[in-house]
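Good morning, colleagues. I would like to take you briefly through one structure, with attention to how its chains meet.

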Amino acid sequence: MKKWLIFILISPVGLLAQAGLKRDSLLMQGDTVVVTANRSERKLGNITVPITIVNAKLIQQSGSLRLTDILKEQPGLNMTSGFGAGVQLQGLNPDYTIILINGEPLVGRTAGVLDLNRIALGNIKKIEIVKGPSSSLYGSEAMAGVINIITESDANIPLQASLRYGTYETFDASLNNAIATKSVFYQGFYNYYSTNGYSIRPNSNSRVTTPIGRYTLNQQLKYKLTENTNIAIGLRLTDEKVTNDISVSNGGNTINSTGKEHNTDQNINVYLNHRFNNSLKTSFRTYYTNYNAKQDLNTISGVPYYDLLNHLFKRVENQTDWNVNKQVNLIFGAGSVWEGVKSTRYDSEKVRKNNITQYAFTQVEWNPLQKLILIGGIRYDKNESFASAFSPKLSTLIKISQQQKIKFSIGQGFKAPDFRQMYLDFTNAAAGGYSVFGTAQAQQVIGQLSSLGQIGTLYDSYYQLKTLKPEYSTGMHLSWEYEPSLNSFLSVQLFRNDISNLIQVQQVGAYVSGAQIFSYLNVGRAFTQGIELEIKQKLSSSFTVSSAYQYLETGDKDQIAQIKAGKVYTRDANGYSKLLALSDYVGLPNNNKHKAQLKINYYAKHGFFANFRMLYRSAWAVNNTNGNEVYDKGDEFAKGYISLHTSLGKDYQNGFSWQAGCDNISNYIDPANLPNLPGRTFYATIKYQIFHKQ
Amino acid sequence: MKKTIQSIVILVIISTGFVACTKSDSTTVMPVTAVTVKDIPADTVVGLSAQGIPITNGKYTFYSFEKNAIVPNTDSASTKWDIAFMATKIITNSGTSGTGLGGAFIYTGLFDALTTIPTDSVFKTDNAPTSYAITTGSGKGWYNYDGLTNIITPLAGRVLVIRTASGKYAKMEITSYYKGGVTLSATASDADKLNKQRYYTFRFAYQPNGTKTF
């Protein structure tokens, strides 16, 4: 049993790389195993890139149910609203962060956003967040970073049931169990979540969060075929039904629609793992996922509205880990992805649009000195529909002393154009009849419309339409970590991301009626840069305080060039035009300069815990109101705000535990800009471990 | 050193005299002052149809710079008006729109900085429905339309340079498209977005002497 566990848990490579910290320090435990940073198990003390680990205990004590709940409390991350709750990482939009469950990507994004409310947290062992371009290991989408959700994979979990009830009739029930024997590991997880939703907008029947019922089922089975070979099968299903009662505004007039939305997400993976000897192991992985979103609405005028998105993703991959000698570790792998999307928003919902990607990657980890680790990696993605991408990355860790570490990494990330950007064929009859056409067919469709005499004007941008290229980022991260004692931790991180080839929606023409026609072009250049600070201090055996702060600057490089050239105007208090000064430029929308958090945790010996969390976000630009196309100090901002959260509970010896909490204690709401933040909510949870061993 | 200062002083005196001379050459130098006009309705919403579609009268509001007043619709076929507004569309008394000597072009820059219309400027005339002297469309002419918030915002740094029906010149800067000259918030109510729209606030300067200087 033990031996098998070790095989699963710690690679032989990891065992050899024990040179680092052995101390069980405050919250950054040097021995914690990390899998995301290197695509292979490594000790946290030896990780060369910026990483945040959120463990199950923290998730549970924060009272988090869905992935969104816990991510919003992490340094450097912001939640966005619109097309579900997405995550913004170091100022980069949700499109640019890949979301993995046990290393396999989730699909089914709407307008680039993956709704993180889809992911239940009840069986999560930990979440690993890697910041900085990671396409050298993970390919497309890993431009800003990687969020990997890891479920229990080795230890016994006594059968436990939990029930929670809270404000807005939010109900959550979970059943979780894991059995580990000598040759078999099984985990089963069932979750049902429902909420009646809420409306924080006065006099509106439209709920910001609509009534939802969501099931999640997760089954994992590992079987040891021989001493050195095992097979693992994982299955995850989510099924959500949303009751819609929405209002669509049409030329200032409101139309109500009611109906159902049904979203399902299936993930199946089968792995075959084999260890040849102490220094060589390989893994064959197949993965299938299918996301289906269906909206069936009836408008008040009786006109039905039907919307379908189906995203199918299949992958076959092999990865080999080779511990060449004491100083050198090597991983290499290759794979193939088959992807297809069909949607009512494309020319025909019956025809699936396909794409095939083939890729190969390798990474060399060199440990020339006890105090130095150097990693170099490269990945090549050959894409059937777009230009190929090379993604290199270099990173290093220097252990200055037992207390101090320096990390530096530089890498290139990319995001391949998505299906929507290629195939969208959407005309919004409700809002003035504007159209958006994907680049694969924009010229053809517009050409046809033109021959029918429906096109009024075509802009220069129309003639610039061509096959989209991937978007690229180059990211640099430099961090210093300092642990003066077992009770204190301090880190300072500087980061800079330069993005080129940004794909932006551009108007390419207009109908005779004047309605706009849009398509996509690789036009933008942008940057994000900033500082992240983290301080953790254990005040006594029962009190821990942790705080974090992020300073962020963003900007569109072309806009900055225009401002410097004196070509951008704004308005003064009288509404008269004046030149925009660079100092009044605020960068990209929806990015706040300052973000801070403070958390106080209390643990008592007899299983009682309590925590208090404070999150602060400074103002961010939301709307361009002063007649230029850049965001500046004269535009409309969402107000900065503080939200306060608390939770307390107790775990008893007999396997019973309870928890109660209050989120958004001060009842801060901003319906227009923070639709995902409900007012004050309360909840209570009880949990019982049925076969609890004392 | 002293000599240099002396010569600079002389140069300044000479050049000032030169400027003064050229100025006195032009016969009537009327000081042109900018006038602000508020809330000119431009086919405002008068009601809703049974299907909830906004109803308007579909009529232009005609304006004379010389009179600084609205011209009645009955004079639409005359040269009494210089420009007319209907929703975001602005026409000039030229080409297909009118019998006057009108025309216009959009100058990118600041209202006060435009003291003389550049000699190489080309005044366009209206050629409905394909082109207008004041280009229609979001981001192309004088305004930007945000499809998400349904808000029209006049572009900053745009001066509409108008040739009037009688062939004189005016410059104007539109500052608002909403009643009271307000800037509507993205979160303004649908009723406000519907009913406060189509009211122009602008400032203009009219040069009655026929020259291109303001």
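**The interface of chain B and chain A**

Between chain B and chain A, the count is one salt bridge. It joins the side chains of E173(B) and R571(A), with a distance of 3.5 Å from N to O. Please bear in mind that this is a predicted model.

Turning to polar contacts, the rule finds seven residue pairs across this interface, both residues being at pLDDT 80 or more. On the side of chain B that touches chain A, the elements giving two or more residues are the strands β9 (143-146), β10 (151-154) and β12 (169-178), together with the helix α2 (190-195). By class, that side of chain B comprises 13 nonpolar, 16 polar and six charged residues.

How many residues are in contact across the two chains? On chain B there are 35, and they meet 24 residues of chain A. The size of an interface is often expressed as the accessible area lost when the parts come together. Here, the area buried between chain B and chain A is about 2200 Å², and carbon and sulfur atoms give 49% of it. Within chain B, the residues that lose the most area to chain A are L110(B), A156(B) and D190(B), which together account for 21% of what that side buries.

I close with confidence. Chain B has a mean pLDDT of 85, and 86% of its residues reach 70 or more. Where pLDDT is low, the predicted coordinates should not be read in detail.

Methods: Residues numbered from 1 in each chain as written. Chains lettered and ligands numbered in written order. Heavy atoms only, no water. Contact = heavy atoms within 4.5 Å. Buried area = accessible area lost by both parts, 1.4 Å probe. Salt bridge = Lys/Arg side-chain N within 4 Å of Asp/Glu carboxyl O. Polar contact = N/O pair within 3.5 Å; in protein donor to acceptor, adjacent residues only side chain to side chain. Helix = DSSP H or I, 4+ residues; strand = E, 2+ residues; numbered from the N terminus. Nonpolar A, V, L, I, M, F, W, Y, C, P; charged D, E, K, R; others polar. pLDDT = per-residue confidence, 0-100.
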